[in-house]
Amino acid sequence: MNTAAVQVNEPVAARMERGQPCPPQRATVQAERARLPALRLRTLLALPVATLIALAVHLLVSKNEPPVDTRSYSIFLGAILGGSIVAVGVQSVWPGLRRWMAHMWPILAAAVSLLCAWEVITSGFRLLPLPYFPSPAGVLQSLINDRKLLFDSTWHSLLLLGSGYLLGVVVALVTGICIGWFPFARYWGMPLLKVVGPIPATAWVPLAMVVSPNGTFSAVGLIALAVWFPVSMLTISGIANTRASYLDVARTLGANQKYLIFRVAIPAAMPNIFIGLFMGLGTSFLTLIVGETVGVKSGLGWYVSWAQGWAEYGKVYAALVIMAVFFSSIMTILFKVRDRVLVWQKGAIKW
């Protein structure tokens with residue numbers, strides 16, 4: 001018998017012998033706490049120590065920066081330091097927080113250390129030329145100062161990306177299912193895919209600006225084109241490689257062609273389709289930024305181009321931070337959808 005299980009259940013048994021029932025919820029919490037290993041001291045102190053060092057370095061080199069730029073960054077590091085200290089004290093009675101800290105604490109400590117090194121290189125020793133490489137304090141201040149414009153740009157980029165991506169996915173699924181299932185569609189459709197598909201969507205920018213009535217429609221079309229090729233190819237592969245045994249069993253039970261397509265072939269092709277969706281999402285990010293820099297008057301790509309024109313490189317880096325959070329969040333949502341649809345593959349790839 002497991003020793004840990006005996007130690008956890010022993011107080012419960014003792015109370016039951018005395019006629020005092022132990023609440024099941026409390027027993028469950030105690031068992032969960034017993035199963036979680038105690039965090040090592042170096043893991044507990046990794047983030048607070050790294051933040052304390054970063055804050056000390058910032059206060060030391062902040063004399064080289066304007067006070068307006070350094071105040072917000074000092075508050076930011078102070079908030080991380082205070083939150084990490086509180087988390088260290090609370091984790092002993094909160095199993096979920098302890099589990100999260102065991103996984104994320106070293107990564108967060110490394111991120112804070114990179115910020116410290118960045119500030120030493122830029123504000124401390126001035127090894128990188130200004131204004132092309134601002135300090136993290138300057139980037140944070142630019143993020144705060146332009147928060148309204150950045151929010152508006154992010155919202156417009158979301159609308160543009162969502163419109164183009166959904167349009168591309170719908171067209172690609174129809175194309176992939178038709179070519180993958182019907183020989184007639186495969187004969188005429190595959191040459192089109194082989195010729196048009198490998199051309200990068202960004203190569204169509206000059207033609208899109210001439211043909212489309214405005215920049216928004218051209219950007220949506222370019223994003224849809226970037227998504228169309230990978231999703232179509234992976235859908236074709238999944239539909240065409242559906243196991244013949246699945247189809248034979250369905251036909252034996254009296255399934256018609258509509259049932260074979262929508263209830264057998266498409267579910268069997270879902271792993272391939274999701275691979276195409278992920279590939280199309282990556283290409284859509286690139287096409288979005290390029291499309292916004294050439295014809296759209298809003299969005300994160302437009303904001304980067306505008307800030308670069310005014311040599312406001314702190315704003316450029318602030319927009320890059322927003323892009324990282326924005327695109328990573330969308331990718332996370334797609335992974336969650338995949339986990340719900342492909343339950344048997346859940347956890348195969350973490351994001």
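Is Phe-326 buried or exposed? At 10% relative accessibility, Phe-326 counts as buried, a term that means under 20% relative accessible area, with exposed meaning over 50% and partly exposed in between (1.4 Å probe, protein chains only).

Before I continue, a word on the basis of these values. The model is predicted, so local features need pLDDT of at least 70 and side-chain atom pairs count only at pLDDT 80 or more, while totals for chains, interfaces and linings use all residues. Residues are numbered from 1 along each chain as its sequence is written, and side-chain values use heavy atoms, with hydrogens and water left out.

I turn to the aromatic rings. The whole structure holds 10 aromatic pairs; rings of Phe, Tyr and Trp (its six-membered ring) pair if their centres lie within 6.5 Å, and planes under 30 degrees apart count as stacked, over 60 as edge-to-face and the rest as tilted. One of them joins Tyr-187 and Trp-188, whose ring centres are 5.1 Å apart with planes at 90 degrees, so this pair is edge-to-face. Tyr-187 is exposed at 59% relative accessibility, and Trp-188 is exposed at 56%. Phe-326 and Phe-327 form a tilted pair, 5.2 Å from centre to centre with 40 degrees between the planes. Phe-327, at 13% relative accessibility, is buried. Ring pairs also link Phe-285 with Phe-326 and Phe-327 in a cluster.

Next come the salt bridges, each defined as a side-chain nitrogen of Lys or Arg within 4 Å of a carboxyl oxygen of Asp or Glu. The whole structure has three. Lys-315 pairs with Asp-146, with the closest N and O atoms 3.5 Å apart. Lys-315 lies in helix α14 and Asp-146 in the loop between α6 (136-145) and α7, so this bridge ties together parts that are 169 residues apart in sequence. Helices here are DSSP runs (H or I, at least four residues), numbered from the N terminus. Both Lys-315 and Asp-146 are buried.

Arg-251 forms a salt bridge with Asp-248, at 3.6 Å between the closest N and O atoms. These two residues both lie in helix α11 (residues 244-252), three residues apart, or about one turn of the helix. Arg-251 is partly exposed at 46% relative accessibility, and Asp-248 is partly exposed at 42%.

Finally, the side chains of Arg-338 and Asp-339 meet in a salt bridge, 2.8 Å from N to O. Both Arg-338 and Asp-339 are buried.
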